[in-house]
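Let's go through this structure together, one question at a time. Have the viewer open and follow along.

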Amino acid sequence: MKAAVISAPGQVEVTTVEDPTPGPRQVVVSVAACGLCGTDLHILQGEFAPTLPVVPGHEFAGTVVATGSAVTELAEGDRVAVDPSLPCHECHYCRIGRNNLCERWAAIGVTTAGGAAEFAVAPVANCIKLPDHVRTEDAALIEPLSCAVRGYDILRSQQLGTRVLIYGSGTMGLMMLELAKRTGAAGVDVVDINPDRLATARTLGCTHAAASPDEIDRPRGWDVVIDATGSERAIQDALGRVGKGGTFLQFGVADYAARAVIEPYRIYNQEITITGSMAVLHSYERAAELFAAGTLDPEVFISDRLPLAEYATALDRFKAGRGRKIQVRP
């Protein structure tokens with residue numbers, strides 16, 4: 001089969017690899033679409049994936065084409081979205097229900113072969129059967145939505161009527177915008193230096209869209225500030241925008257070397273909470289339900305649909321900040 005392979009830091013090509021075969025409790029999925037995200041850029045840089053080469057792609061959906069000998073829940077022809085999480089279920093963090101912090105953390109498309117290929121293998125327990133009205137290729141959006149749902153689980157103490165500021169109006173920032181509108185925010189402001197992406201935030205109904213928070217009249221700061229960029233500069237600015245008693249959520253994936261300065265006295269004196277959200281935790285099925293209910297409009301979120309053969313081009317386009325969600329399709 002054809003697959004994108006990251007063979008070494010900075011090196012990616014579409015080549016022929018062996019077809020996958022399912023284990024007893026696994027299925028093989030014919031991939032309909034695979035989304036790109038910041039994690040894929042980190043893998044390309046040599047971060048995250050413990051060993052290279054690897055077939056990337058942790059956001060994917062498709063049709064079951066083969067089942068393992070002990071699979072009874074799915075059959076060939078079923079359309080599914082795939083949760084890429086592969087916790088060990090044995091370590092301390094898994095035993096206390098924090099599987100996303102697994103000491104042996106693994107994920108399809110990060111530590112094992114993923115969906116940037118014609119076929120991918122997945123545990124049957126990770127597959128969510130799609131309702132008839134959901135297009136298979138659109139369902140690749142469920143994985144990033146499940147990360148956003150996890151982010152709002154972290155913000156569960158958020159009260160009704162809060163003011164939210166989101167840095168970044170790429171796919172994840174826009175998903176956080178859509179969820180903020182549904183979790184009682186009185187206003188959701190979005191900042192980005194990309195005018196095209198800001199235009200999409202306006203289309204989705206943000207309260208204010210600006211290149212800088214300085215353009216928004218909020219002298220007391222915001223109750224909740226979310227970084228969805230991973231940019232060191234944005235993170236540093238965002239930390240200073242949190243109002244008294246407010247919360248800063250690090251949601252974007254920063255480079256390993258990124259650093260930001262905090263003010264311990266201000267955190268103490270103003271009771272500011274600084275927290276993070278890592279991937280997916282008990283949120284994939286809820287994201288699938290939200291997606292099926294129409295929480296996201298795929299036509300707004302998916303800006304580019306490229307053939308798998310152009311995977312390197314898709315990565316370059318994503319890295320340049322062009323478009324929103326970029327998908328590759330075998």
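Q: Is E178 buried or exposed?
A: This is a predicted model, in which local features need pLDDT of at least 70, side-chain atom pairs count only at pLDDT 80 or more, and totals for chains, interfaces and linings use all residues. Residues are numbered from 1 along each chain as its sequence is written, and side-chain values use heavy atoms, with hydrogens and water left out. Buried means under 20% relative accessible area, exposed over 50% and partly exposed in between, with a 1.4 Å probe and protein chains only. With a relative accessible area of 5%, E178 is buried.

Q: Which residues is E178 in contact with, leaving aside its neighbours within four places in sequence?
A: E178 sits in helix α4, residues 171-182; helices (H or I, at least four residues) and strands (E, at least two) are DSSP runs, numbered from the N terminus. Contact means heavy atoms within 4.5 Å. Beyond those sequence neighbours, the partners of E178 are L204, T295, L296 and F301.

Q: How many of the 13 residues of α3 are buried?
A: The buried residues of α3 include I142, E143, R150 and D153. The helix is largely enclosed by the rest of the structure, because the number of its 13 residues that are buried is twelve.

Q: What is the relative accessible area of E271?
A: E271 belongs to the loop between α7 (264-269) and β13 (273-276). Its phi is near 50°, a positive value in a residue other than glycine. E271 is exposed, so its relative accessible area is over the cut-off, at 62%.

Q: Where does H282 lie?
A: H282 is not a glycine, yet has a positive phi of about 50°. H282 is exposed, with a relative accessible area of 56%. Its place is the loop between β13 and α8 (284-292).

Q: What share of the 330 residues of the chain counts as buried?
A: The secondary structure of the chain comes to ten helices and 15 strands. Among its 330 residues, the buried share is 52%.
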